[in-house]
Amino acid sequence: MKDKNFVKEITNIDDDFAKWYTDIVIKAGLADYTDTKGCIAIKPYGYEIWENIQKYIDNEFKKVNIKNTYFPLLIPENLLQKEKDHVKGFAPEVAWVTQGGEEKLEERLCIRPTSETIISTMYSKWLNSWRDLPFLYNQWCNVLRWEKETRPFLRSREFLWQEGHTIHETAKEAQERTLQMLDIYDDVVQNLLAIPTIKGIKTEKEKFAGADSTYTIETMMYDGKALQTATSHYFGQNFSIPFNIKFKNRKEEEEYAYQTSWGISTRLIGGIIMAHGDNRGLKIPPKIAPIQIVIVPIAMHKENVKEKSEELYNVLNTNYRTYLDTRDQYTPGYKFNDWEMKGVPIRIEIGPRDIENNECIIVRRDTNEKIVTKIDKIVETIKNTLEDIHKNMYNQCKKRLEEKTTTAYNLDEFINKMNENQGFIKAMWCGSEECENKIKELTSAKSRCLPFNQEKISDTCVCCGKKADKLVIWGRQY
RNA sequence: CGGAAAGUAGCUUAACUUGGCAGAGCACGUGGUUUGGGACCAUGAGGUUGCAGGUUCAAAUCCUGUCUUUCCGACCA
């Protein structure tokens with residue numbers, strides 16, 4: 001009897017995590033495959049999650065003076081060529097427009113994989129004096145990267161994101177901004193998505209193409225693999241020199257501006273699925289859930305069930321995103337399973353028995369716990385329960401992160417632990433790219449970051465045994 | 001881009017080996033009975049078997065090509 005029916009619809013999470021993931025995306029109604037290879041259609045239920053994330057972040061940006069802008073989808077080829085590392089990094093996955101109507105173009109146009117180049121060009125046009133600085137601009141848009149292998153939300157060719165681009169008078173100011181934006185992302189991931197994070201800086205090998213330094217928010221998914229949820233880059237003058245973004249400084253000299261960029265994408269939705277989901281389906285963190293509370297009336301035609309559930313709906317919907325499921329063609333049992341798969345944090349059951357006692361039943365998606373509640377106490381109970389669900393979801397992930405993070409002191413130990421635990425490994429690193437490459441070859445794990453929270457767990461590199469003073473978090477990644 | 005597998009109704013699939021009217025379950029429409037963990041009865045609709053070509057009297061079935069999806073690697077957010 002148990003779970004038989006779930007298995008029928010969703011692959012077991014421990015049998016085949018990848019299949020489970022795509023099952024959830026489709027069956028929970030987040031997105032669907034389209035006739036355009038590698039590109040998904042995001043359905044209302046999925047898009048609403050994105051909108052809720054967007055609303056929150058956009059508001060956070062505005063608090064720190066970021067303005068929204070919009071730049072072209074198409075970028076002339078010569079702009080892309082200006083920063084060497086950048087073009088090298090992105091060239092393999094850029095799509096080109098070569099023809100307009102019947103006419104072949106003299107210069108190819110690239111469909112933006114990211115907008116540093118076109119934005120830098122405009123910045124160079126707009127900047128004259130130190131008095132103009134800083135430029136603190138963001139855009140919400142789509143980008144295209146010609147991925148070979150694609151997965152909904154995690155790696156689609158076209159995806160939605162925001163990309164912030166700032167230029168500053170001094171290196172210090174730009175660096176501070178890079179970290180300030182990273183902190184905003186950290187807050188979003190922890191306090192909105194209920195996923196614990198590791199903040200850190202990428203190694204030279206892993207940093208963004210063209211960046212001076214790349215900072216990252218790393219998270220761990222159900223299967224122990226890493227997902228980079230956000231990045232923030234400090235460019236120094238790497239783009240401002242080739243793109244000629246210069247200004248007259250306070251000493252009346254020409255100086256190139258100091259630049260940053262930072263972004264999060266719809267990949268976060270993939271992160272939510274993989275960080276929180278279980279065999280019943282999706283679990284959406286309360287703060288971004290399109291539906292926070294679903295009310296399922298039982299035996300709707302009886303007595304005054306319909307009226308009472310409508311009353312309840314009206315009370316709750318003023319403060320929470322609430323849905324009253326009056327669908328007549330489904331039994332309550334069907335609806336319970338349906339909403340659990342869709343990950344709604346709280347379900348309220350209300351039927352004749354409850355109404356008689358002036359009660360209803362609150363069911364938590366995270367624990368499946370049923371709480372009998374007096375109807376006049378409902379608002380307070382809901383408030384506390386939603387807060388508790390967020391905390392509990394966060395703690396569940398935190399527990400996993402801690403359990404699946406181990407330490408290694410030599411290469412054999414590293415390999416064994418990576419194969420056994422499928423999680424993160426904390427280990428000292430000498431700083432050489434050869435060691436990163438070797439570890440990757442042997443374990444397919446990469447350096448996630450040098451965490452801000454550095455500890456000295458030994459004096460020697462886990463790979464080569466030479467002197468090492470950097471702690472690195474390693475893991476396999478999405 | 002390398003390795004593997006799969007495409008038949010919205011979904012899961014049968015028929016393919018050995019060529020001969022493409023069948024079922026779920027989902028869906030309609031009418032009714034139901035409703036506290038995936039209800040039931042009746043009835044109805046739904047197919048260019050991924051696409052293109054070839055072999056054949058005849059192709060879902062055999063052959064060739066192609067596209068797509070999934071999985072494992074490499075690459076990336």
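Author: Let us begin with two strands: 3 bridges join E22 to strand E23 (residues 470–475), and the two run antiparallel. This is a predicted model, in which local features need pLDDT of at least 70 and side-chain atom pairs count only at pLDDT 80 or more, while totals for chains, interfaces and linings use all residues. Residues are numbered from 1 along each chain as its sequence is written, and chains are lettered from A and ligands numbered from 1 in the order in which they are written.

Reader: What makes E22 and E23 count as paired strands?

Author: Two strands pair if DSSP finds at least two bridges between them. E22 and E23 have 3 bridges, so they qualify. Cysteine 449, for example, stands opposite isoleucine 473 in E23. The labels themselves come from DSSP runs, numbered from the N terminus: helices (H or I) have at least four residues and strands (E) at least two.

Reader: Why are E3 and E20 called edge strands?

Author: The open sheet has 11 strands in the order E3-E7-E8-E14-E11-E10-E9-E22-E23-E21-E20, with mixed pairing. Strand E3 (67–68) and strand E20 (405–407) each have a single partner strand, so one side of each has no neighbour in the sheet. For E3, 2 bridges make a parallel pair with strand E7 (residues 135–144), and lysine 67 has tyrosine 137 as its bridge partner.

Reader: How do you know whether alanine 194 is buried or exposed?

Author: We count C-beta atoms, placed from the backbone, within 10 Å of the residue's own: 20 or more others mean buried, 12 or fewer exposed, and anything in between partly exposed. Alanine 194 has 27, so it is buried. Glutamine 422 has 15 and lysine 438 has 14, so both fall in between and are called partly exposed. By the same rule, 5 of the 6 residues of E23 are buried.

Reader: How do you know on which side of H2 the buried residues lie?

Author: In helix H2 (residues 17–27), Trp20, Tyr21, Ile24 and Val25 are buried. They cover an arc of only 135 degrees, taken from the directions from the helix axis to the C-beta atoms, so they lie on the same side of H2. Their cover includes strand E1 (31–33) and helix H8 (267–276).

Reader: Why is a set of residues called a nonpolar core?

Author: Its members must be buried Ala, Val, Leu, Ile, Met, Phe, Trp, Tyr or Cys residues joined through C-beta atoms within 7 Å. The largest such set here has 88 residues, and Tyr185, Leu193 and Ala427 have the most contacts inside it. Helix H7 (residues 171–192) gives the most to this core, with 7 residues. Apart from it lies another core, of 22 residues, among them Ile75 and Phe243. A contact means two C-beta atoms, placed from the backbone, within 7 Å; leucine 193 touches residues including Val188, Leu268 and Ile288.

Reader: How do you know that the size of chain A agrees with a compact globule?

Author: The globule rule is 2.2 Å times the number of residues to the power 0.38, and the radius of gyration is taken over C-alpha atoms. For 478 residues a compact globule would be near 23 Å, and chain A has 25 Å, which agrees.

Notes: Lists of a residue's contacts leave out its neighbours within four places in sequence.
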